[in-house]
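Here is a short report on aromatic side chains and their surroundings. Please keep the model in view while reading.

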Amino acid sequence: MNEEVRLTAWVRGRVQGVGFRWYTRAKALELGGLSGFALNLDDGRVQVVAEGARGSCEGLLEWLRDGDTPGRVDGVTEIWATPRGGYDGFAIR
């Protein structure tokens, strides 16, 4: 079963000022069917919210942890929830 889910992930490391949000958006679009956003936080992390099929969200999370991302990822913390909706595509904020 590939139910619809909401993934919220906080990515730590050198992930600001290196195009990380742009690449995250590109990966979300490549996986297809995901909506949400990538946002720089004041503490140096990037927050990623993605809604869509569980398999696509899991693919994005795997890429955030182990993929060919710009910068350097030191760790990712995630939570899973029910989708809230309201996103028009995948945005960089």
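The report covers ring pairs, charges over rings, a surface patch and one leucine in a predicted model.

**Aromatic pairs**

Three aromatic pairs turn up in a search of the whole structure. In one of them, W22 and Y23 are edge-to-face, because their planes stand at 80 degrees with the ring centres 5.1 Å apart. W22 is exposed at 52% relative accessible area. Y23 is partly exposed at 41%.

Another pair, F37 and Y87, is tilted, with 5.8 Å centre to centre and 55 degrees between the planes. F37 belongs to strand β2, and Y87 to the loop between β4 (72–81) and β5 (90–92), so the pair ties together parts 50 residues apart in sequence. F37 is buried, with a relative accessible area of 6%. Y87 is partly exposed at 22%.

**Charges over rings**

Two arginines sit over aromatic rings, as listed here.

| Arginine | Ring | Distance to ring centre |
|---|---|---|
| R54 | W80 | 4.9 Å |
| R93 | F37 | 4.0 Å |

**Surface patch**

Which residues make the nonpolar surface patch of about 330 Å²? They are W22, Y23 and I92. Y23 lies in helix α1, residues 20–31.

**L34**

L34 sits in the loop between α1 and β2 (35–40). Is L34 buried or exposed? L34 counts as buried, because its relative accessibility is 7% and the cut-off is under 20%. Its contacts beyond four places in sequence include A28, E51, C57, L60 and F90. F20 is 14 residues away in sequence and 17 Å away in space, C-alpha to C-alpha from L34.

Terms used. Residues are numbered from 1 along each chain as its sequence is written. This is a predicted model: local features need pLDDT of at least 70, side-chain atom pairs count only at pLDDT 80 or more; totals for chains, interfaces and linings use all residues. Side-chain values use heavy atoms; hydrogens and water are left out. Patches are made of residues with over 30% relative accessible area and no salt bridge: like charges are joined within 9 Å, nonpolar side chains (Val, Leu, Ile, Met, Phe, Trp, Tyr) within 5 Å. Accessible areas come from the Shrake-Rupley method with a 1.4 Å probe; for residues, only the protein chains shown count as cover. A salt bridge is a side-chain nitrogen of Lys or Arg within 4 Å of a carboxyl oxygen of Asp or Glu. Helices (H or I, at least four residues) and strands (E, at least two) are DSSP runs, numbered from the N terminus. Buried means under 20% relative accessible area, exposed over 50%, partly exposed in between (1.4 Å probe, protein chains only). Contact means heavy atoms within 4.5 Å. Rings of Phe, Tyr and Trp (its six-membered ring) pair if their centres lie within 6.5 Å; planes under 30 degrees apart count as stacked, over 60 as edge-to-face and the rest as tilted. A charge sits over a ring if NZ of Lys or CZ of Arg is within 6 Å of the ring centre and within 35 degrees of the ring normal.
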